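I opened the notebook to look up a sheet, its surroundings and a few charged pairs. The entries follow in the order I checked them.

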Amino acid sequence: MKSLTNKQPLPQEHFYKICVVGGGMTGAIMALLLKKSKLFNTNDIAWIMPNIKIPNDLRTTFYNEESIELLSKLNIWRDLKKSDYTNVKKIQVFGKKNTTPLIWNNSNKEQNFGAVVKNKVMLDSIFSKLDDIQKFENFVTNTTCDNFERTLYFNDKHYIKTNLVLCADGKNSQLRKLLLIKTILKKTGHIAISGFLEQSKDHKLTATQAFTELGPIGLLPFENKNKINFVLSVEETKYNNILSKNNPEQYICEKLENFFSNFNLNFKPIKKINNLNNNLSSWPLDLNFIINPTANRAMLIGDAAHSIHPLAGQGLNLAMRDCVSVLNSIEESSKFGNDLGDISILNSYKKDRLSKTIAMTAITDFLFYGFASNSNIAQTILSKGMETLNKSKLKNIFSKLAAK
């Protein structure tokens, strides 16, 4: 069993009060929240984090203001340099007919809607605060449970026992399968493509969502005034067509220029970002919905519990609120001296998060399937609805829901 903090050979069996499984952002934040809480000592916590590194990781994530507040409490935000993130002052949403967009604007206010942060920078900052947490670079291959403990079996034939497992091992969670938790798979038939472009005008700290003929695309402001990080969702046939082009990035730029022709906005590919090659990345958008994210002495968090369409940029924000809910559920139950595997903890977490997850899933599904529709009637109705909504205070409901 590979231990990153203890160089001495460990016994075949080891016990921890609580265990986090998953080496991504959600797992890291959950481990730090547990450490910072007054509920556990550092030697009570185990973090199973398979060593899967992404070379030249240029990915970014949008954090809303509530998530930034949490990161500030964890002393993470203060570690970031101004060059590590880009504030978002304005959000605009364009329908397929490219009529008047929905606009939320804080440009004349001190408050931001959030910020775009480089994933590597954020993970490095969090990891630096978890040096004293026991870590294992292992994969969980099996799990069993009795009335007192859950056992996790590793790929190297060792195992650990714990009172409670927090599963943060992603959309394709192996633990979720081992726990036999029912998962509803939603095949969208779309593939996400992400990369960086340069636009001809200052982005003015604006995040844009546009439902183009090619597919829904999110444009996030990045670093200097005219760089953007995009995430494009396209049908599989269109994806293959894009990749067949001699210059896929240029093809995407041309489609964006056609869409934003009324704004005289031009785009061009970028060869390097921060001295690293700017290569397109892609992944299938098969989404999961889990009605009950719990099992005996186990809770799913983050993408293991729910995966939503990236067009809203809310995936990690939703995951961070899962982490807070887990901690609140444990803290409330501990007042009564309950065991970490007590059903009250599982039920409290499920009750708190299910309704909010359903609400966010419903919003993103409505946006995706509504605006992605090829029906002219549907697009006309949506465009007129956007114009009406833009003039009313009802549009603030969407921004409030996104912060819950």
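**Entry 1: a strand pair**

Which residue in β7 is the bridge partner of Thr60? I found that Lys118 is the bridge partner of Thr60 in β7.

I note the basis before going on. This is a predicted model, in which local features need pLDDT of at least 70 and side-chain atom pairs count only at pLDDT 80 or more, while totals for chains, interfaces and linings use all residues. Residues are numbered from 1 along each chain as its sequence is written, and side-chain values use heavy atoms, with hydrogens and water left out.

My helices (H or I, at least four residues) and strands (E, at least two) are DSSP runs, numbered from the N terminus. Two strands count as paired if DSSP finds at least two bridges between them.

**Entry 2: the sheet**

I traced an open sheet of three strands, in the order β3-β7-β4, with antiparallel pairing. β3 (60–64) and β4 (85–88) stand at the edges with a single partner strand each, so one side of each has no neighbour in the sheet. Neighbouring strands are turned by 25 degrees against each other on average, direction ignored. For angles, axes are lines fitted to C-alpha atoms, for helices over the stretch in contact, and the values run from 0 to 180 degrees between N-to-C directions.

Strands of a sheet pair through backbone hydrogen bonds, either parallel or antiparallel. I then went through the bridges here. β3 and β7 pair over five bridges, in the antiparallel sense. β4 and β7 (residues 114–118) pair over four, also antiparallel. Asn87 has Ala115.

**Entry 3: cover on β7**

I checked burial next. Buried means under 20% relative accessible area, exposed means over 50%, and partly exposed lies in between (1.4 Å probe, protein chains only). Five of the five residues of β7 are buried. In a regular strand the side chains alternate between the two faces of the sheet. Gly114, Val116 and Lys118 are on one side of β7, Ala115 and Val117 on the other, and both faces are covered.

What lies across β3 and β7? Helix α3 (residues 119–127) does, running at about 85 degrees to β7.

**Entry 4: the cores**

I looked for nonpolar cores, meaning sets of buried Ala, Val, Leu, Ile, Met, Phe, Trp, Tyr and Cys residues joined through side-chain atoms within 4.5 Å. The largest has 46 residues. Met30, Leu34, Tyr63, Trp77, Met122, Ile126 and Leu166 have the most contacts inside it. Helix α1 (residues 25–36) gives this core its largest share, eight residues.

I followed Ile126, taking contact as heavy atoms within 4.5 Å. Beyond neighbours within four places in sequence, Ile126 touches Met25, Ala28, Ile29, Leu32 and Ile76. Another core lies apart, with 22 residues, including Ile193, Cys253, Leu256 and Phe267.

**Entry 5: charged pairs**

Side chains of opposite charge can pair when their charged atoms come close. I counted a salt bridge when a side-chain nitrogen of Lys or Arg is within 4 Å of a carboxyl oxygen of Asp or Glu. The structure holds 13 of them.

Asp124 is partly exposed at 42%, and Lys120 is partly exposed at 48%.

Glu69 and Lys73 form another, with the closest N and O atoms 3.8 Å apart. These two are four residues apart in helix α2 (residues 65–73), again about one helical turn. Glu69 is partly exposed at 46%, whereas Lys73 is exposed at 61%.

I also noted Glu332 with Lys335, at 3.3 Å between the closest N and O atoms. Glu332 is partly exposed at 40%; Lys335 is exposed at 60%.

**Entry 6: Ala319**

Is Ala319 buried or exposed? Ala319 is buried, with a relative accessible area of 2%. I placed Ala319 in helix α7 (residues 315–334). Outside the four places on either side in sequence, Ala319 contacts Thr26, Gly302 and His306. His306 is 13 residues away in sequence and 8.6 Å away in space, C-alpha to C-alpha.

**Entry 7: totals**

I closed with the whole protein. I listed 10 helices and 21 strands. Buried residues make up 51% of the 404 residues.
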